[in-house]
Amino acid sequence: MKAAVLHGPLDMRIEDVTPPALGDDDVLVDVKAVGICGSDVHYYREGRIGEFVVEKPLILGHETGGIVSAVGKNVKTVRVGDRVAVEPGIPCRACEWCKTGRYNLCPDVRFHATPPVDGTLCEQIVMPADFVTPVPDHVSFEEAAMFEPLSVAIHACRRGGVGPGKSVLVAGAGPIGLVSLMVALAFGATRVFVTDLHPHRRRLALELGAEAAFPGDGDVAAAVMEHTQGRGVDVAIECAGAEAALSSCLMSCARGGQVVVVGLSAQDFYKVPLNHLAQKELDIKGIFRYVYTYPAALDLVASGRVDVAKIITHRFPFDQVETGFEYAETGKDGAVKVIINL
Ligand SMILES: [Zn+2]
Ligand SMILES: [Zn+2]
């Protein structure tokens with residue numbers, strides 16, 4: 001089968017590789033759509049993210065929609081021909097965190113496109129049957145691929161306690177910020193404010209239902225306070241991966257607010273306004289990927305309550321995968337989410 005194999009920074013080649021072997025509890029998925037994520041772009045450009053280093057050739061991609069073309073003999077829940085969304089992290093199922101229901105924290109998780117585990121920018125992948133979610137015909141392969149970033153937003157909104165009547169600040173309107181906005185609204189948040197450096201992303205946020213969108217390099221907290229009669233928001237979700245954005249989140253929260261840190265940064269340490277944290281008794285929560293979010297992603301997309309297709313701006317065929325990476329990296333031509341179609 002053909003695969004887009006990363007050999008080193010900026011060196012991706014489409015090559016013939018051995019297709020994966022199907023086990024008794026597995027399904028074989030013909031890959032149809034793969035979203036390019038910020039992490040894929042980092043591996044492509046720098047060959048590493050923190051401690052994860054590409055040391056041998058690696059297939060990128062972890063946001064995947066496809067169609068089941070074979071099933072192992074024990075598989076009862078999925079059939080050949082099912083169109084599926086693929087959940088990319090396969091945990092050990094045996095450790096403390098797996099057994100307590102927080103399998104995203106499994107130290108032995110095998111996550112697509114995280115070295116040394118291959119991803120899905122290839123013609124076929126093998127998955128345990130319980131890590132694919134069948135989708136109805138009206139959900140496209142591209143939308144199925146978007147269940148993955150949507151999952152991050154669902155997990156962030158759950159950890160932050162987003163619900164009916166809550167007000168939310170989303171700092172950063174890249175793909176994850178924009179899906180967080182959509183999920184917060186779907187979870188019943190009544191007022192969602194968004195920040196970003198780029199005017200076209202702020203415009204998109206307004207189109208998607210944000211009450212207001214502020215320049216990320218301005219005085220975000222002052223703008224939020226002005227819109228909330230000096231109260232602040234119940235929940236702030238940091239999706240920019242920037243020190244200033246986390247500070248804005250802390251300063252924009254109401255007393256007793258929740259701060260959820262989604263964005264990753266190259267910086268190991270931030271300076272934050274500790275007085276806001278203490279005096280308003282804020283909770284700061286990290287999130288690591290997501291846990292058991294695909295059923296909710298399916299319901300939100302299939303019901304039309306979250307229209308993930310609205311942030312897909314560019315599509316490229318498999319043989320133009322590197323062009324797709326270029327658009328995803330630079331945001332060229334207003335690119336937000338870039339999809340590779342196979
Ligand atoms: Zn991703
Ligand atoms: Zn485990």
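Author: Residues are numbered from 1 along each chain as its sequence is written, while chains are lettered from A and ligands numbered from 1 in the order in which they are written. Since the model is predicted, local features need pLDDT of at least 70 and side-chain atom pairs count only at pLDDT 80 or more, whereas totals for chains, interfaces and linings use all residues.

Reader: What makes the 110 residues a nonpolar core?

Author: A nonpolar core is a set of buried Ala, Val, Leu, Ile, Met, Phe, Trp, Tyr and Cys residues joined through C-beta atoms within 7 Å, where buried requires 20 or more other C-beta atoms within 10 Å of the residue's own, exposed means 12 or fewer, partly exposed lies in between, and C-beta atoms are placed from the backbone. The largest such set has 110 residues, and Leu150, Leu181, Val183 and Ala184 have the most contacts inside it. Helix H5 (residues 175–186) gives the most to this core, with nine residues; helices (H or I, at least four residues) and strands (E, at least two) are DSSP runs, numbered from the N terminus.

Reader: Which residues does Ala184 touch?

Author: Contact requires C-beta atoms, placed from the backbone, within 7 Å, and, leaving aside residues up to four places away in sequence, Ala184 touches Cys157, Val162, Val168, Val170, Ala189 and Val192.

Reader: Why are strand S15 and strand S18 said to stand at the edges?

Author: Two strands pair if DSSP finds at least two bridges between them. The six strands form an open sheet in the order S15-S14-S13-S16-S17-S18, with parallel pairing; strand S15 (212–215) and strand S18 (283–286) each have a single partner strand, so one side of each is left without a neighbour in the sheet.

Reader: Why are the buried residues of helix H7 placed on the same side?

Author: The buried residues of H7 (residues 220–227) are Val220, Ala221 and Val224. They cover an arc of only 95° around the axis, which puts them on the same side of H7, the arc being that of the directions from the helix axis to the C-beta atoms. Their cover includes strand S13 (167–171), strand S14 (191–196), S15, S16 and helix H8 (243–252).

How values were computed. Contact = placed C-beta atoms within 7 Å.
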